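I opened this one to see how its pieces pack together. Here are my notes, in the order I looked things up.

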Amino acid sequence: MAIRMKIDILTALKEAGYTTYKLRQEKLLGESVIQKLRNDKLPSWNELNTICRLIDKQVGDLVEYAPDEE
């Protein structure tokens, strides 16, 4: 089982006007979080909260449960 991202969060942030430069400059998300997103790793709940606020989405819009294939 795995929780995975449903959308490309960096693309969604960019469409909402948040470039990676702006995210770092305004201290909205740190470089480590941006690297997690680039590498398809899940951010923490606190980081997801910030992302949801910035792009006006629910957590369920961003992540999904994907069962392992047997």
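Predicted model: local features only at pLDDT ≥ 70, side-chain atom pairs only at ≥ 80, totals over all residues.

**Ground rules.** Residues are numbered from 1 along each chain as its sequence is written, and side-chain values use heavy atoms, leaving out hydrogens and water. Helices (H or I, at least four residues) and strands (E, at least two) are DSSP runs, numbered from the N terminus.

**Entry 1: two loop residues.** I started with Asp56, which sits in the loop between H4 and H5. Asp56 counts as exposed because its relative accessibility is 70%. Its phi is near 55°, a positive value in a residue other than glycine. I then checked Lys27, in the loop between H2 and H3. Lys27 also has a positive phi, near 55°, and isn't a glycine. With a relative accessible area of 74%, Lys27 is exposed.

**Entry 2: helix H3.** Which residues of H3 are buried? I found Val33, Ile34 and Leu37 buried in this helix, which covers residues 31-38. Looking down the axis of H3, I see its buried residues fall within an arc of 100°, so they line one face of the helix. (The arc is that of the directions from the helix axis to the C-beta atoms.) I reminded myself that an α-helix has 3.6 residues a turn, so residues three or four places apart point the same way. The cover over the buried residues of H3 includes helix H1 (9-15), helix H2 (20-25) and H4. After H3 comes Asp40, with a positive phi near 55°.

**Entry 3: the core.** My next term was nonpolar core: a set of buried Ala, Val, Leu, Ile, Met, Phe, Trp, Tyr and Cys residues joined through side-chain atoms within 4.5 Å. The largest one here has 18 residues, and Ile9, Leu13, Leu23, Ile51 and Leu62 have the most contacts inside it. H1, H3 and H4 are the elements that give two or more residues to this core. H4 gives the most, with 5 residues. I picked Leu23 to follow up, taking contact to mean heavy atoms within 4.5 Å. Not counting residues up to four places away in sequence, Leu23 touches Leu13, Tyr18, Leu28, Leu29, Ile34 and Leu54.

Entry 4: Leaving out residues up to four places away in sequence, Glu47 touches Leu29, Val33 and Lys36. The side chains of Glu47 and Lys36 make a polar contact (3.3 Å). That term means a pair of N or O atoms within 3.5 Å; within protein, one must be able to donate a hydrogen and the other to accept it, and residues adjacent in sequence count only if both atoms are side-chain atoms. Thr50 is buried, at 13% relative accessible area.

**Entry 5: Gly60.** I ended in helix H5 (residues 59-62), where Gly60 is placed. Gly60 is partly exposed, at 42% relative accessibility. Met5 is 55 residues from Gly60 in sequence, yet they are 9.6 Å apart in space, C-alpha to C-alpha.

How values were computed. Buried < 20%, exposed > 50% of the residue type's maximum accessible area, 1.4 Å probe, protein only.
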